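Please go through the structure below one part at a time. The text starts with a pocket, then turns to the chain as a whole, and ends with a sheet.

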Amino acid sequence: MTNLICIVCPKGCHLSVDEANGYAVTGNGCPRGVAYGQKELTNPTRVITSTVKIRGGIHRRLPVKTNSDIPKALIPQAMALLDGVELESPVHVGDVVVADICGTGVSFVASRDM
């Protein structure tokens, strides 16, 4: 039995996931908690936020994020892709900074105009 706190909504339900019973979830306040609890134990994923270098902007770093979640195990490889990235201003929200992260089809995108 694994205990988690659901992060799907601000309610923060205390979930119990029974791996021995087909990942049965209890403690959820809505169906989204069931999906979250099962996914967190079978294939955890995360949205990544970070920054990259930018020239010609009002700041030296541009915030970026993934446009969807990626497997948690790929986070170190995904972050390494940002190490050598340096952009030139102007950049707009949603512009693709790094496409197809580790073959997932997910991209790092700009999260502010600069």
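By class, what residues does the lining of the largest pocket have? The model is a predicted one, and in it this lining has five nonpolar residues, four charged residues and one polar residue. By name, the residues that line the largest pocket are I7, A35, Y36, K39, E40, P44, T45, R46, V47 and D69. The space in this pocket comes to about 150 Å³. Rolling a probe the size of a water molecule over the atoms is what shows where such empty space is left.

Which elements supply the lining of the largest pocket with at least two residues each? They are helix 1, residues 31-42, and strand 4, residues 45-46. Helix 1 gives the largest share of the lining, with four residues.

The pocket can now be placed in the chain as a whole. The protein chain contains ten strands and two helices. Read from the N terminus, its elements follow the order β-β-β-α-β-β-β-β-α-β-β-β. For 114 residues the globule rule gives 13 Å, but the radius of gyration of the protein chain is 18 Å, well over that value, so the chain is more spread out than a compact globule. Along the principal axes, the C-alpha atoms of the protein chain fill a box of roughly 55 × 30 × 20 Å. Of the 114 residues, 32% count as buried.

Five strands make up an open sheet with mixed pairing, in the order 8-5-6-10-9. Strand 8 (86-88) and strand 9 (96-98) are its edge strands, and each of them pairs on one side only. On average, neighbouring strands of this sheet are turned by 45 degrees against each other, direction ignored.

Within the sheet, strand 5 has partners on two sides. Strand 5 (residues 49-55) and strand 6 (residues 61-66) run antiparallel and are joined by five bridges. In this pair, V52 stands opposite L62 in strand 6. The two strands form a hairpin with five residues between them, and G56 in the turn has a positive phi of about 85 degrees. Strand 5 is also joined to strand 8, by three bridges, and these two run parallel. Here I54 stands opposite L87 in strand 8.

V98 stands opposite F108 in strand 10. V109 is also found in strand 10. Why does V109 count as buried? The relative accessibility of V109 is 9%, and buried means under 20%. V109 and G37 are 72 residues apart along the chain, and their C-alpha atoms are separated by 28 Å.

Note on methods:
Residues numbered from 1 in each chain as written. Predicted model: local features only at pLDDT ≥ 70, side-chain atom pairs only at ≥ 80, totals over all residues. Heavy atoms only, no water. 1 Å grid on protein atoms, 1.4 Å probe; cavity = no way out; pocket = protein on both sides within 12 Å on 5 of 7 lines; lining within 4 Å. Points joined across faces, edges and corners; volume = space filled by probe spheres on them. Nonpolar A, V, L, I, M, F, W, Y, C, P; charged D, E, K, R; others polar. Pairing = 2+ DSSP bridges. Axes fitted to C-alpha atoms, helices over the stretch in contact; angles between N-to-C directions. Rg over C-alpha atoms; globule rule 2.2 N^0.38 Å. Buried < 20%, exposed > 50% of the residue type's maximum accessible area, 1.4 Å probe, protein only.
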